[in-house]
Amino acid sequence: MPTRARLDEFIAAVVSGDHAGAIERFYTEDASMQENAAPPRVGRDVLVAHERAVLERVKSVTSTCVASVVEGDRVAINWVFEFVYHSGKTGRFDEVALQEWRGDRVFRERFFYDPSKP
């Protein structure tokens with residue numbers, strides 16, 4: 001079960017822009033991530049590679065934690081991600097991440113957001 005301090009460390013890593021590093025440091029080796037109803041991606045190495053690929057497609061991303069809740073092994077985080085693409089186009093995702101932690105690491109995560117809002 002994560003402590004509030006551990007969750008705050010995770011959030012700080014993401015807000016600092018170290019998205020792939022946060023996955024490397026805060027996820028279990030067999031962790032999974034799922035976007036809405038899509039099939040989950042499984043394995044920390046797969047998750048890190050996917051995150052790096054996403055980041056290569058954008059010029060910058062600003063990550064803001066709107067709210068977070070720890071309830072035992074379960075965590076909910078409301079994120080807002082603002083992207084600037086290489087083309088200059090911008091996009092904003094308002095997302096809720098539901099996480100299941102195993103000890104002090106994320107084991108399972110599912111994201112909920114409106115995919116029509118780039």
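Trainee: Against which elements do the buried residues of helix 1 pack?
Mentor: Before answering, note that this is a predicted model, in which local features need pLDDT of at least 70 and side-chain atom pairs count only at pLDDT 80 or more, while totals for chains, interfaces and linings use all residues. Residues are numbered from 1 along each chain as its sequence is written, and side-chain values use heavy atoms, with hydrogens and water left out. Helices (H or I, at least four residues) and strands (E, at least two) are DSSP runs numbered from the N terminus, and contact means heavy atoms within 4.5 Å. The buried residues of helix 1 pack against helix 2, strand 1, strand 3, strand 4, strand 5 and strand 6.

Trainee: Which residues of helix 1 are buried, and how wide an arc do they cover around the axis?
Mentor: Buried means under 20% relative accessible area, exposed over 50%, and partly exposed in between, with a 1.4 Å probe and protein chains only. In helix 1, the residues that are buried are Arg6, Leu7, Phe10, Ile11, Ala13 and Val14. They lie on the same side of helix 1, because the arc they cover, taken from the directions from the helix axis to the C-beta atoms, is only 155°.

Trainee: Why is helix 2 described as largely enclosed by the rest of the structure?
Mentor: The buried residues of helix 2 are His19, Ala20, Gly21, Ala22, Ile23 and Phe26, and they pack against helix 1, strand 1, helix 3, strand 3, strand 4 and strand 6. Helix 2 is largely enclosed because the buried share is 6 of the 8 residues.

Trainee: What span should helix 3 have, and which exposed residues does the face turned away from its buried side carry?
Mentor: The expected span of a helix is 1.5 Å times one less than its number of residues, so the 13 residues of helix 3 should span 18 Å, which agrees with end C-alpha atoms 18 Å apart. In helix 3, Arg44, Leu47, Val48, Glu51 and Val54 are buried. These buried residues fall within an arc of 125° seen down the axis, so they line one face of helix 3. The face turned away from the buried side of helix 3 carries the exposed residues Asp45 and Glu56.

Trainee: Which residues lie nearest the centre of the largest pocket?
Mentor: A pocket is an open set of points on a 1 Å grid over the protein atoms alone, where a 1.4 Å probe fits, with protein on both sides within 12 Å along at least five of seven lines, and lining residues have an atom within 4 Å of a point. The largest pocket has a volume of about 580 Å³, a volume being the space filled by probe spheres set on points joined across faces, edges and corners. Of the 25 residues in its lining, those nearest the centre are Glu35, Glu51, Val54, Phe83 and Glu95.

Trainee: Is asparagine 36 buried or exposed, and what is its phi?
Mentor: Asparagine 36 has its place in the loop between strand 1 and strand 2. With a relative accessible area of 18%, asparagine 36 is buried. Although asparagine 36 is not a glycine, its phi is positive, at about 45°.
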